[in-house]
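I opened my notebook to record what I looked up in this model, one topic at a time. Each entry says what I searched for and what I found.

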Amino acid sequence: MTVLTPERAASVPAPARPGATAQGRRGRGRAGLVLAAPFAILLTATVLVPIGYALYLSLFTDRLSGLGFSGPTQAFVALGNYVDVLTDSAFHASLGNVALFVLIHIPIMLGLALLLALLIDSAVVRLKRVWSLAVFLPYAVPTVITGLIWAYLYSPNSGLTALLPFDPLGKTGILPSIVNIATWQWVGYNMIIFYTALQAVPRDVLEAARADGAGGFRTAWSVKVPMIRPTMFVALVFTVIGSLQLFTEPLVLRGFTGSVTSTWSPSLYVYEAAFIANDYGRAAAASVLLALVSALLSALVMRLSARRSR
């Protein structure tokens, strides 16, 4: 039998009381709620409340009664605004324009950003910080200023149109012109994201690839690109969401050409319905539908990312 001396007996911890343990858990729970409260308040005020208000507006429309002297009154139309938007040919055309924009812009922009990031990360390029800053600089220019600069370059007086086989402000050239503006502005931003991810690739993995005889291209394609694939999928999700919200570029070019209509993109369609036609119910319904499309495409991209990761 073991005999506990006073010194050894003092070192044995006393069993915790059930009440004290439960009280400690409640205290930690309250501390967690206090820490999460600012985020919850901001999320509710800036995301949940606007979404709920948009859903509420989408179920109503303004109608004039009698001779209209009493002003418009709100009328409940249930899903009538959604039906109007889904059957509107202008909304269909705006979705087609932004779909073509997404199919052209995203591969070019992300591919160019990845190529520039790999070049700057390689040992071929010198003055890496200078080149990174030069490529990133267009992102620091406000989108409105960027649109005005390119609108001037697209004008017949600039001389750029003489070098192009199409009119950049014409009906067939307006889409490539908008793609060029968006690519010029966002390629540097995504290049910095990819370059930062490349810096986190373990150097011992790259040295092992070189020891196995892999050249620069083989190392970049078979080692670096697979290791930053999660970052590439995140950039793809953000780019898809941002592309569906295309607004500023066509809005600026609309003042220089008649090829861009007031409903050229879904965001312009919402803007025209809300602030030109004062039809807030139709604008809210179009906004909700655009948000659903963005959510579905984002979920699809994330699902593909999870499959590739497995």
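**Entry 1: the whole protein.** I noted before anything else that this is a predicted model. I then looked up the elements and found 13 helices and 2 strands in the protein. I also looked up burial, and of the 310 residues 34% count as buried, where buried stands for a relative accessible area under 20%. For contacts between residues at least 6 apart in sequence, I read that 65% join residues at least 24 apart.

**Entry 2: the annotated regions.** I turned to the UniProt record, an unreviewed entry, whose annotation "transmembrane region" covers residues 33-56, 98-119, 131-154, 174-198, 227-247 and 283-302. I looked at two of these spans in the model. Residues 131-154 are 92% helix and 0% strand, and the C-alpha atoms at the ends of this span lie 26 Å apart. Residues 283-302 are 100% helix and 0% strand, with end C-alpha atoms that are 28 Å apart.

**Entry 3: helix α4 and helix α7.** I reminded myself that two packed helices are described by the angle between their axes and by the distance between those axes. How do α4 and α7 pack? Helix α4 (residues 89-121) and helix α7 (residues 174-199) meet at an angle of about 40°, and their axes are 7 Å apart. This angle makes α4 oblique to α7, and I wrote down that the crossing of α4 and α7 is right-handed. When I sorted the residues of this contact by class, I had 23 nonpolar, 5 polar and 1 charged residues.

**Entry 4: helix α4 and helix α9.** I stayed with α4 and looked up how it packs with helix α9 (residues 216-227), where the angle is about 105° and the axes are 12 Å apart. The two helices α4 and α9 are therefore roughly perpendicular to each other, because angles of 65 to 115 degrees count as such. On the α4 side the contact is made by Leu114, Leu118 and Asp121, and on the α9 side by Ala220, Lys224 and Val225. By class, I found 4 nonpolar, no polar and 2 charged residues in the contact of α4 with α9.

Entry 5: Is Ser94 buried or exposed? Ser94, which has its place in helix α4, has 0% relative accessibility and so counts as buried. Leaving out residues up to four places away in sequence, I found that Ser94 touches Thr263, Trp264, Ser265 and Pro266. Next I looked up Thr61, which is found in strand β1 (residues 60-64). Thr61 also counts as buried, because its relative accessibility is 15% and the cut-off is under 20%. With the residues up to four places away in sequence again not counted, Thr61 touches Thr73, Gln74, Ala75, Val77, Asn81 and Asp279.

**Entry 6: two positive phi angles.** I searched for residues that have a positive phi without being glycine, and I noted Ala78, with a phi of about 55°. Ala78 sits in the loop between β2 (72-76) and α3 (80-86), and its relative accessible area of 30% makes Ala78 partly exposed. I also noted Asn278, which is not a glycine either and has a positive phi of about 55°. Asn278 lies in the loop between α12 (266-276) and α13 (280-309), and at 46% relative accessibility Asn278 counts as partly exposed.

Key
Residues are numbered from 1 along each chain as its sequence is written. This is a predicted model: local features need pLDDT of at least 70, side-chain atom pairs count only at pLDDT 80 or more; totals for chains, interfaces and linings use all residues. Side-chain values use heavy atoms; hydrogens and water are left out. Helices (H or I, at least four residues) and strands (E, at least two) are DSSP runs, numbered from the N terminus. Buried means under 20% relative accessible area, exposed over 50%, partly exposed in between (1.4 Å probe, protein chains only). UniProt positions are given in the numbering used here, feature names are shortened, and annotations may be inferred rather than shown by experiment. Axes are lines fitted to C-alpha atoms, for helices over the stretch in contact, and angles run from 0 to 180 degrees between N-to-C directions. Angles under 35 degrees count as roughly parallel, over 145 as roughly antiparallel, 65 to 115 as roughly perpendicular and the rest as oblique. A crossing is left-handed if the near helix is turned anticlockwise from the far one by less than a right angle, and right-handed if clockwise. Ala, Val, Leu, Ile, Met, Phe, Trp, Tyr, Cys and Pro count as nonpolar, Asp, Glu, Lys and Arg as charged, and the others, Gly among them, as polar. Contact means heavy atoms within 4.5 Å.
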